[in-house]
Amino acid sequence: MAALYDHPAPDRFVVGTIGLPGERTFLLQAKSGSALTTVVVEKEQVEILADRITELLDMVMVKDPAARVPQTALDDRIDNAGLNVPIEPEFRVGTMSLGWDTVKHELVIECFELTEADAQAGTSADPDDDEVEREVLRVVLDAAAAREFSRRGEQVVGAGRGDCPFCSLPLEPDGHLCPRANGIPRA
């Protein structure tokens with residue numbers, strides 16, 4: 001049976017990276033008491049997750065004032081600390097799901113393992129497929145923690161290499177050959 005890493009009220013749920021810009025590995029990390037779960041994600045997954053959380057929270061804020069969703073991250077909830085150690089990823093994430101519990105006013109995030117078969121097929125199969133056992137990270141956040149996760153996610157994604165002002169491709173530390181400048185090196 002595949003493992004379920006369940007964090008119904010984590011002390012901490014953050015995105016972080018290891019490595020230098022251009023070579024970073026993106027990680028999600030949930031900590032509940034002494035239980036620590038780390039999973040590998042793609043930069044694009046972090047970017048999309050942060051965007052979708054923001055959209056969902058903004059929608060809930062308008063449609064359900066009883067949920068008491070903060071408009072921005074609360075100062076006392078901001079977490080800019082590094083990842084907890086040891087950093088030992090349990091699995092690589094393929095598919096993620098996001099939902100809002102309208103009764104408890106909580107955000108539910110599920111991250112499903114990208115299996116070897118998925119990787120070979122070049123796709124991530126349906127997480128509801130009962131024939132494939134997948135490890136799952138499940139995290140439940142209150143609105144303030146969700147808002148903070150989204151803020152930090154956007155910050156971490158934006159902290160990488162800068163973009164070339166001409167072609168928008170990432171700049172390497174020593175510049176790059178810009179296709180819009182006919183291959184003239186740009187710094």
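Predicted model: local features only at pLDDT ≥ 70, side-chain atom pairs only at ≥ 80, totals over all residues.

Reader: In what order do the three strands of the open sheet stand?

Author: Strands of a sheet pair through backbone hydrogen bonds, either parallel or antiparallel. Helices (H or I, at least four residues) and strands (E, at least two) are DSSP runs, numbered from the N terminus; two strands pair if DSSP finds at least two bridges between them. Here the order is β2-β3-β4, with antiparallel pairing. The edge strands, β2 (12–18) and β4 (35–41), each pair on one side only. On average, neighbouring strands of this sheet are turned by 25 degrees against each other, direction ignored. Such angles lie between lines fitted to C-alpha atoms, for helices over the stretch in contact, and run from 0 to 180 degrees between N-to-C directions.

Reader: Over how many bridges do β2 and β3 pair?

Author: β2 and β3 pair over seven bridges, and Gly16 stands opposite Leu27 in β3. The two strands form a hairpin with six residues between them, and Gly19 in the turn has a positive phi of about 105 degrees. Strand β3 (residues 25–32) also pairs with β4 over seven bridges; Ala30 has Thr37 in β4 as its bridge partner.

Reader: Which helix lies across β2 and β3?

Author: That helix is α3 (residues 143–158), running at about 5 degrees to β2. Its 16 residues reach 23 Å from the first C-alpha to the last, close to the 22 Å expected at 1.5 Å a residue; the expected span is 1.5 Å times one less than the number of residues. Asp142 caps the N-terminal end of α3, with a side-chain oxygen 3.2 Å from the backbone nitrogen of Ala144.

Reader: Why is α3 described as largely enclosed?

Author: A residue is buried under 20% relative accessible area, exposed over 50%, and partly exposed in between (1.4 Å probe, protein chains only). In α3, 12 of the 16 residues are buried, so the helix is largely enclosed by the rest of the structure. What covers these buried residues includes β2, β3, α1, β5, β6 and β7, where contact means heavy atoms within 4.5 Å.

Reader: Which residues have the most contacts inside the largest nonpolar core?

Author: A nonpolar core is a set of buried Ala, Val, Leu, Ile, Met, Phe, Trp, Tyr and Cys residues joined through side-chain atoms within 4.5 Å. The largest has 31 residues, and those with the most contacts inside it are Phe13, Trp100, Leu137 and Leu141. A second, separate core of five residues includes Cys167, Leu171, Cys178 and Ala181.

Reader: Is Arg147 buried or exposed?

Author: Arg147, found in helix α3, counts as buried at 6% relative accessibility. Its side chain makes a polar contact with the side chain of Asp58 (3.0 Å). A polar contact is a pair of N or O atoms within 3.5 Å; within protein, one must be able to donate a hydrogen and the other to accept it, and residues adjacent in sequence count only if both atoms are side-chain atoms. Glu55, in helix α1, is partly exposed, with a relative accessible area of 47%.

Terms used:
Residues numbered from 1 in each chain as written. Heavy atoms only, no water.
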